[in-house]
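I opened the model and made notes on one set of strands.

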Amino acid sequence: MSSVFHGGNTYIFYNEAADNTQPNNIAYKNIDQLGTFPQVKINSSNTTLETYNDEWTSVLSGNMTIDSVSIVVHYIADNESHQYLDTAYTNGTNFQIKVALYESQDSLSQHYVILSGYISGYQDSADQNAVYDRTYTFTAEELLGRGTATDPAQLRVGDYGVGSDGETTPQYEALYPTGNSFIKVPALRDDNPISTDMGGIAFVDNGGDQTAQLAMPETGNLALYIKNTDHGWTEIPSKESSDAAYVPLSRTVNGKALSSNITLSSTDIGAVPTTRTVNGKPLSDDVSLTYADTGAVPTTRTVNGKPLSNDVSLTYADTGSVPVERTVNGKPLSDNVVLDKSDVGLDAVLNAVQLVTSNNLSDLTDTAIARTNLDVYSKDEAVPIERTVNGKPLSDDVTLTSTDTGSFAIANNLSEGTPVTIRANISAAKSGDNSDITSLTALSGPLRLGADAAAAYDAVTLRQLQASSGSGTATINGVMNNFLGAVEWFVGTRAAMPGGHLPADGQLLSRATYPDLWAAISSGILNSVTEALWQNSGVSGATFSNRGMYSTGDGSTTFRMPDLNGSQSGSLANIYLRGLSTSSSLTAGSIRDSALPNIVGSFSATTGAGLNGFFSGGTGAFSGLSGAINLLAGTSGGTDRARMANANFNASDSNPIYGRDGGGEVRPPSAFGIWLIRVNGLFSAANTTFNVINSDTTLPATGTTVYGGSLRSDYRVAGANYVSTTLVSGSTIGGSSISRMDIIDNTTGVEARTAFTFRHGASGSSGLGGDITCISGELGLYSSGSASMRLRADGTARIQNSDSTSAIDLNASGVNLTGHLRGTLSQLFVGQYISVNSAKVGTNGEIAIFNSNADTTVGVRFGMVNLASGNSRRFYAGDINGSSQLVQTLPNSTGTITVSTSDKNLKNYTGDVSPEDAAIRISKLKPVEFYWNEKFTNDQNILDKPRRGFFAQDAYVIDERYAVKPTDEQLEIDIVWGLEDRAIMADMVATIQLMSLQIANLQSQIDSLNNK
């Protein structure tokens, strides 16, 4: 085969972002199977213009055009890049291509040109000796960039310790590497402190494996070991070892914590301090007290003038007391005095302790006995007047109504309640013809209902039960079903109609109750006439002739069934059905009375010579008669002979059945049954709908669960179900609507059922879409390519490709990833364990990528953390233990990272930017060159890179909308200024537009001068 192009080091990439200018943009995708070396031609020309503005000046004008680029590929129909080019051509999509030439196969340096444009056409070419090629014509509209760029290096096994084992695979990328690395300290290495493999991380800047390192044992007891250039491996004490060797800071001495030095006082140990005194004398030495110290009475002191140097004896005179000889009511005070009623002049009063009126019985010695004597209750035994009965206080007479007790008044006959609830509670029937009810517990006759059951717990009428065929709704049983309106002959009674059928008795039906049948009538599928023509066709002697058709009833709410059974007054009884030929003038549904063909015949009697006569000229039944018959002998002209005349025969003269309506047939004897018409279950032809309906005349109460009719599909073996599927719709009134599908498997002889529900409206916050639920067990979703998503009954989930090499597992521990993350760091995460909000890392919402599920001490994390003030946040990324991190304080007071948007629907328009004002502001901006300092980051690579930009503080002075200024409180917690580059960009665009307009005006003036 010929014409195969080997691209070498030349590639064409495409990018859906038509305005990208970055040669290393990760969105670039390679166009596979290039057929020829791509050519990019950029044409330019210069023109010198003479202009005059106070003096003649030469102006150099340039023009650049780009030729179309031919992209030739060895076309493969299912190749992703070729499919994209086909779709871009079909849709007229604008995108960009990058043509890149690399210096070698292994080189990261590329010479590139980036063009934006579209596919304007393509051409195919191929023969048996050549590759099938397709040439796409890329029409370039704009040159977005060209030059030389370097691709970022790919990580490989061994780089920075990735995939290393410390032995066969190098730990470090070079002799003097930089940055951080995963390390392994083998058990047999001389400096291994525990003779067990250890894994960890190290900072390897120019130090090999002798710089700062942290590791932990692969097996055995948990421990952390550290070392650096100046010190060997040292174990970091664990909590258990520290607790065994030291007194915890939380321990106390006499209630004082050992978190700092302790000084105990006399109070702490319950001692008497030396500063304490006894009668004013300190206890720092022995104490000797005098009577003065103790507050004693000196012997020189006197009592009523008598000194205390000896015992003192006082009389009543010395103390001014009452002498014992004195009396009260004649009774001396030499003893206790007891006065009785006679002593105080109360001879009529019992000689006992009296109650004082002003005390209001408070001086009773035993109130309980007093209440018993008075036959009264205590306040604890009586009902307080503030107590209420059904909210009415007992301070007055209480009268309760049925409203107060939440009861129904007898006089209102239960009109105060909810009828549906009351009927349900007392098992009563719905309103209707229930005149036969004499008792809810003992009926004297059948209970008559006003309508068929509509809800799950409604009573079912006999008519509804007989029509249900055992399921409560019309059923479909394979080929045994007939179409809607089909007439069937039924050997049974009207008390036991099969489901979905009614007798053809000419009865009136509701259009609302049988909407499918009425739809067939009103659309002309089934023949009908007006009610008036149905009652009287206008045909003399056959007013019933239209009664084999439907009538349109009252014209709005009803229609009438055909009367094929002769049940209505004026209808023909005992009708049998017959076919209608294509040549018949009759209409389907026309009725004719019974008839037989008429028997008609005639003959002539003729008189011949010699008084001999014979019959001749027979017709009809008498046709074919011939021969002479001697009727009468005699001479010619005899009177008897003159009386002979024609004789006719007509069978209808004996019974009108003969010859009726010109019929040419004899109608046979018939068997009698009931003609039925199918009134439910429309599925008669293509493009029609079969409805399995449960219905209500009014909407049930909120919260009621309702179900539609059920569909069932069965496969049977020897009359037994082998596999079945059912489908039913349902809803909770005022809530959600579902469809439920059950798969019933009897293949093993034991029924196994799996049920699914399809819920309208997703249960998420938006409520859009829907939910699929497997009621029991596991739910699996598979593509045609065997990719799958499995939602398990234990609450876990798994998404995987066809061979399980790539999978995402969701469980209570986190997210487990099998396979590669897409991108240049894909091999970094092979077999890694990702944890969100892991307790081993923190509760700030960070994401951690661990070495493995079992080893969560090695890895990296990144996320957001609240600052102490609670008013700001920082974004950080670093290793698990936080020894090396990149931390960035967010440049706004809300503490969020904002993705910019320019959606018009999210903005309130206030006016256009003034180009003149914008130009003034832009002219005041001061571009500067700078380096980031240590307040921004401690990454030396970032600190050493020169930058160009603006100072937010300077921009804020020019226009407050150019920058975000932190508050004073925010400045105290290191919240930094932020630059609003969108505002600066808007002013720059307005300035450019103004300058473009000015340039156009100047060009117009130049052209005008040149034309003079």
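I looked at β12 and strand β13 (residues 234-236) first: three bridges join them, and they run antiparallel. This is a predicted model; I took local features only at pLDDT of at least 70 and side-chain atom pairs only at pLDDT 80 or more, while totals for chains, interfaces and linings use all residues. Residues are numbered from 1 along each chain as its sequence is written, and side-chain values use heavy atoms, with hydrogens and water left out.

Strands here are DSSP runs of E, at least two residues, numbered from the N terminus. Two strands pair if DSSP finds at least two bridges between them.

Which residue of β13 is the bridge partner of I226? I found T234. The link from β12 to β13 is a hairpin through six residues.

I then turned to the other partner. Strand β11 (residues 213-217) pairs with β12 in the antiparallel sense, over three bridges. A215 stands opposite Y225 in β12. β11 and β12 also form a hairpin, with six residues between them. In that turn I noted G220, with a positive phi of about 85 degrees.

Next I sorted the faces of β12 (residues 224-227). Y225 and K227 are on the covered face. L224 and I226 are on the uncovered one.

Last, confidence. pLDDT is the predictor's confidence in each residue, from 0 to 100. The protein averages 75, and 71% of the residues score at least 70. Over residues 624-645 the pLDDT is below 50, yet I found 34 contacts (heavy atoms within 4.5 Å) beyond near neighbours in sequence for this stretch. Residues 867-872 stay under 50 too, with 13 contacts beyond four places in sequence.

Note on methods: Buried < 20%, exposed > 50% of the residue type's maximum accessible area, 1.4 Å probe, protein only. Helix = DSSP H or I, 4+ residues; strand = E, 2+ residues; numbered from the N terminus.
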